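Hi there,

Here is the structure I promised to pass along. Have a look at it first, and then read on for what turned up.

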Amino acid sequence: MASTTQTPAKKTPKKANLLDHHSIKNLLDESVTEIVTSKGYPEDVRLSNVRLLIGSVIIAIALVAQFYKKEFPANRPAFSWDSFYIVLSLLLMPSVSFNVIIHTKEKNAILFTYPPEGSFNSTGLIVSSKLPRFSDMYTLTVESADPKSISARPKVEITKSVTKWFAKDGVLVEGLFWKDVEALVSDYAKEHKKSK
């Protein structure tokens, strides 16, 4: 009788260009997202969906304005849609709305989550990261998605050199990074005793 055990598939190592801090930050951010969602926190993509919806409306208005069949005096209704198009376009312009959304809601957030399934906690997480230019210090922060909630806990953060998580050839040492991120999420999730 043949054995039915399977050998695990070889996982390709995650590699970054160590001379490019954007490459390093993107790789670490993707890994953080993978780790946090594997801990049972489902990703909250509502903000991205709103952006996609606004973009779709803009495209639909642009198509109507482009292919409207009537000439100038008779196409005034299309011009009213164009003003709506301009307002929505301003909302989505990288220089205007993305900066407004980033500075008000997202800040340095890389992940928004819902609370874990079966949790008594009513808020999800906001996971943020920073890797300043010309620095090797990566800061990862976990905080409540609703800081005013009664179930919100104090934010926790870790700051470490990226050299602790990468080999010389740019391969991410996932075990070490995974351990640090899991410890951070667990530290946030544990009950904090309030001083009397």
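Leaving aside its neighbours within four places in sequence, which residues is T141 in contact with? Please keep in mind that this is a predicted model. The partners of T141 beyond those neighbours are I126, V127, S128, K155, V156 and E157. With E157 there is also a polar contact of 3.4 Å between the two side chains. T141 itself sits in strand 3, which covers residues 137–144. Its relative accessible area is 9%, and because the limit for buried is under 20%, T141 counts as buried.

Next, the core. The largest nonpolar core has 26 residues, and the members that touch the most others are L28, V36, Y138, F166 and F177. At least two residues each come from helix 1 (21–38), strand 2 (125–130), strand 3, strand 4 (156–161) and helix 5 (174–189). Helix 1 is the top contributor to this core, with six residues. As for L28, setting aside neighbours within four places in sequence, its contacts are Y138, V162, W165, F166, L172 and F177.

In soluble globular proteins, nonpolar side chains tend to be buried together. Here, though, I59, L63 and F67 make up a nonpolar patch on the surface, and their accessible area together is about 340 Å². I59 belongs to helix 2, residues 46–67. Is I59 buried or exposed? Its relative accessible area is 54%, and since exposed means over 50%, I59 is exposed.

Definitions and conventions. Residues are numbered from 1 along each chain as its sequence is written. This is a predicted model: local features need pLDDT of at least 70, side-chain atom pairs count only at pLDDT 80 or more; totals for chains, interfaces and linings use all residues. Side-chain values use heavy atoms; hydrogens and water are left out. Patches are made of residues with over 30% relative accessible area and no salt bridge: like charges are joined within 9 Å, nonpolar side chains (Val, Leu, Ile, Met, Phe, Trp, Tyr) within 5 Å. Accessible areas come from the Shrake-Rupley method with a 1.4 Å probe; for residues, only the protein chains shown count as cover. A salt bridge is a side-chain nitrogen of Lys or Arg within 4 Å of a carboxyl oxygen of Asp or Glu. Helices (H or I, at least four residues) and strands (E, at least two) are DSSP runs, numbered from the N terminus. Buried means under 20% relative accessible area, exposed over 50%, partly exposed in between (1.4 Å probe, protein chains only). A polar contact is a pair of N or O atoms within 3.5 Å; within protein, one must be able to donate a hydrogen and the other to accept it, and residues adjacent in sequence count only if both atoms are side-chain atoms. Contact means heavy atoms within 4.5 Å. A nonpolar core is a set of buried Ala, Val, Leu, Ile, Met, Phe, Trp, Tyr and Cys residues joined through side-chain atoms within 4.5 Å.
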